[in-house]
Amino acid sequence: MGTDQNRRKTIKQLLAGSALLATSVPSFALEAEKKSSSMALKGNINHSVCRWCYNDIPLDQLCVIVKEMGLVGIDLVGPKEWDILKKHNLISTMCNGAEIGLVKGWNDPQYHDVLVKNYTEHIELVSKAGYTNLICFSGNRNGMDEETGLKNCVDGLKKIMSLAEKKGVVIQMELFNSKVDHKDYMCDSSAWGVELCKRLGSPNFKLLYDIYHMQINEGDIIRTIKRDHQYFGHYHTAGVPGRHEIDETQELYYPAIMKAIVETGFKQYVAQEFIPTGNDKIGSLRKAVQLCDV
């Protein structure tokens with residue numbers, strides 16, 4: 001996921017020329033549907049896409065497109081829009097809406113009361129909707145050492161984990177890079193996140209392993225996945241550098257990464273979260289899904 005500021009910037013870029021988009025999107029969507037209908041996915045990976053990367057396309061329309069592509073759902077869609085997903089027989093592959101924000105998270109006790117209330121409510125909503133995953137964030141360090149941050153996260157999260165287990169909801173903390181996009185974010189390494197998983201000791205707490213972010217902060221992607229896959233409940237993709245298409249312009253080779261994920265026995269969701277460039281944004285998504293479908 002990107003910062004709120006980055007998302008606003010991206011949305012503004014995507015919406016440039018909105019008057020033109022308003023008249024051209026319907027035909028554009030129809031053409032995308034025709035192109036995507038020929039895709040035949042192998043079934044080894046449950047493909048998804050992050051909503052915020054395509055905020056210039058109405059969700060109802062995006063659902064039609066991704067459904068035709070063979071995707072099973074859309075990431076980062078909250079309760080207010082779940083009815084749209086259900087209409088298209090899609091799921092919210094990573095639910096959101098309980099968090100305060102990206103920088104105010106479970107590592108700071110001053111936010112625990114609000115977070116416990118929010119997550120208690122959303123766990124019930126996610127369970128009732130028949131979904132599984134609910135995102136969370138560590139928050140920024142703000143001078144805090146890592147051990148204190150771990151203890152604080154454990155203290156806060158333990159207050160909701162029994163309910164999550166009872167309702168079959170998996171709380172997933174996203175790993176961000178703190179070098180480029182999320183300065184000062186605490187959960188910026190797989191080792192820190194894995195230690196948090198171990199201390200909580202709950203099968204319903206996992207890490208959202210963002211491949212883009214972890215390539216920037218620590219690299220060693222495939223070996224990390226093979227070693228720690230039992231702690232990873234969800235994956236996000238994007239090209240490095242730039243967070244754009246996962247093509248020949250960037251340093252990660254996604255077919256090998258996806259093969260490693262499949263070999264671990266992973267059965268959950270892989271969501272595309274790159275910021276598309278150029279005019280054919282849906283074409284870029286289609287190519288990325290095909291590239292990752294090993």
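**Figure 1. The whole chain and its contacts.** Among contacts in the protein between residues at least 6 apart in sequence, 76% join residues at least 24 apart, where contact means heavy atoms within 4.5 Å. This is a predicted model, in which local features need pLDDT of at least 70 and side-chain atom pairs count only at pLDDT 80 or more, while totals for chains, interfaces and linings use all residues. Residues are numbered from 1 along each chain as its sequence is written, and side-chain values use heavy atoms, with hydrogens and water left out. The protein has eleven helices and eight strands; helices (H or I, at least four residues) and strands (E, at least two) are DSSP runs, numbered from the N terminus. Of its 294 residues, 57% are buried. Buried means under 20% relative accessible area, exposed over 50%, and partly exposed in between, using a 1.4 Å probe and protein chains only.

Figure 2. Strand β1 covers residues 46-50 and includes His47. Is His47 buried or exposed? His47 is buried, with a relative accessible area of 2%. Not counting residues up to four places away in sequence, His47 touches Leu41, Leu71, Val72, Gly73, Val270, Val289, Cys292 and Asp293. Cys292, one of these partners, is itself buried at a relative accessible area of 0%.

**Figure 3. Helix α3 and the glycine after it.** Helix α3 runs over residues 59-69, and its buried residues are Leu59, Gln61, Leu62, Cys63, Ile65, Val66 and Met69. As you trace the helix, remember that an α-helix has 3.6 residues a turn, so residues three or four places apart point the same way. Gly70 follows α3 and has a positive phi, near 100 degrees.

**Figure 4. Helix α10 and its covering.** In α10 (residues 254-263), the buried residues are Tyr254, Pro255, Ile257, Met258, Ala260 and Ile261. What covers them? The covering elements include α8 (211-217), α9 (221-228), β7, β8 and α11. Just after α10 comes Gly265, with a positive phi of about 90 degrees.

Figure 5. Rings of Phe, Tyr and Trp (its six-membered ring) pair if their centres lie within 6.5 Å; planes under 30 degrees apart count as stacked, over 60 as edge-to-face and the rest as tilted. The ring centres of Tyr209 and Tyr235 are 5.9 Å apart and their planes lie at 70 degrees, so this pair is edge-to-face. Because Tyr209 sits in strand β6 (residues 205-210) and Tyr235 in strand β7 (residues 232-237), the pair ties together parts that are 26 residues apart in sequence. Tyr209 is buried at a relative accessible area of 0%, and Tyr235 is buried at 0% too. One aromatic cluster is formed by Tyr209, Phe232, Tyr235 and Phe266.

**Figure 6. A look into the cavity.** Rolling a probe the size of a water molecule over the atoms shows where empty space is left. On a 1 Å grid over the protein atoms alone, a cavity is a set of points where a 1.4 Å probe fits but cannot get out, and lining residues have an atom within 4 Å of a point. Grid points are joined across faces, edges and corners, and a volume is the space filled by probe spheres set on the points. How many cavities of 30 Å³ or more does the structure hold? It holds one, and the largest cavity has about 30 Å³ of space. Its lining is made of Ile91, Ser92, Thr93, Tyr131, Thr132, Asn133 and Tyr269. Strand β3 (residues 91-94) gives the largest share of that lining, three residues.

**Figure 7. Loops with backbone features to spot.** Most residues other than glycine have a negative phi, and most peptide bonds are trans. Asn89 has a positive phi near 60 degrees; Asn89 lies in the loop between α4 (82-87) and β3 and is exposed, with a relative accessible area of 61%. Asp184 has a positive phi near 80 degrees; Asp184 lies in the loop between β5 (170-174) and α7 (190-200) and is partly exposed at 31% relative accessibility. Val240 and Pro241 are joined by a cis peptide bond, with omega about 0 degrees, and Pro241 lies in the loop between β7 and α10.

Notes. On a 1 Å grid over the protein atoms alone, a cavity is a set of points where a 1.4 Å probe fits but cannot get out, and a pocket is an open set with protein on both sides within 12 Å along at least five of seven lines; lining residues have an atom within 4 Å of a point.
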